[in-house]
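Dear colleague,

I am handing over a structure that you have not worked with before, and it is shown just below. After it I have set out what was found, so that you can follow along with the model open.

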Amino acid sequence: MAGDLSRTGPHPSLSPKEVVTIIMKALQQNDLPNPDSGIKVTFNFASPANKRATGPLARFTLMVKGPVYGTMINHRRVFFEKYKVDGKSARIDVILVSSSGKTLRFRFGLSRQIGNRFDGSWMTDTVAPIKVVTL
């Protein structure tokens, strides 16, 4: 099951990087097979604490389509870097090229769920824009 990009929700077999890869692929093809399917997949991988802060789905959808995260939808390309797992937490930086050609960077914070219905699964706690440094 590991690495199964057809997954639409958490599973203990998925690594943090696989979770973020699934999310980014879903957002890249946001309206397949249905409108905002990618945002729904992204919400499925949000941790219970994240959902309490950003949900319900309708509110989450507005946030993702807003000015901070809207560039993630239908992006052209994505690259992963600074992948770090430390016990029950993980961090992955994502560099993406938006549909308009702009380069952006986001930091995903994930945690392995313990003692809830997602026990053992990696889920997103935070996604924050970070500055892209060019030389």
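Predicted model: local features only at pLDDT ≥ 70, side-chain atom pairs only at ≥ 80, totals over all residues.

Val-78 belongs to strand β1, which covers residues 77-86. If its neighbours within four places in sequence are left aside, Val-78 is in contact with Met-24, Val-94, Ile-95 and Leu-96. Ile-23 stands 55 residues away from Val-78 in sequence, and their C-alpha atoms are 11 Å apart in space.

**Ser-6**

Is Ser-6 buried or exposed? Ser-6 is exposed, with a relative accessible area of 54%, and its place is in the segment before helix α1 (16-28). From Ser-6 to Ile-22 there are 16 residues in sequence, while the distance from C-alpha to C-alpha is 7.8 Å.

**How α2 and α4 meet**

Two packed helices are described by the angle between their axes and by the distance between those axes. For helix α2 (residues 37-44) and helix α4 (residues 57-65), the axes come within 10 Å and cross at roughly 115°. Angles from 65 to 115 degrees count as roughly perpendicular, and α2 and α4 are therefore described as roughly perpendicular to each other. The crossing in which α2 passes α4 is right-handed.

Which residues meet where α2 and α4 come together? On the α2 side they are Ile-39, Lys-40, Thr-42 and Phe-43, and on the α4 side they are Leu-57, Phe-60, Thr-61, Val-64 and Lys-65. Sorted by class, this contact of α2 with α4 has 5 nonpolar, 2 polar and 2 charged residues.

**The protein as a whole**

The protein has 4 helices and 4 strands, and from the N terminus on its elements run α-α-α-α-β-β-β-β. Its C-alpha trace spans about 40 × 35 × 30 Å along the principal axes. A compact globule with 135 residues would have a radius of gyration near 14 Å, and the protein agrees with this because its own value is 14 Å. Of the 135 residues, 42% count as buried. As for contacts between residues at least 6 apart in sequence, 46% of them join residues that are at least 24 apart.

With kind regards

Terms used. Residues numbered from 1 in each chain as written. Heavy atoms only, no water. Helix = DSSP H or I, 4+ residues; strand = E, 2+ residues; numbered from the N terminus. Contact = heavy atoms within 4.5 Å. Buried < 20%, exposed > 50% of the residue type's maximum accessible area, 1.4 Å probe, protein only. Axes fitted to C-alpha atoms, helices over the stretch in contact; angles between N-to-C directions. Parallel < 35°, antiparallel > 145°, perpendicular 65-115°, else oblique. Left-handed = near helix turned anticlockwise from the far one by under 90°. Nonpolar A, V, L, I, M, F, W, Y, C, P; charged D, E, K, R; others polar. Rg over C-alpha atoms; globule rule 2.2 N^0.38 Å.
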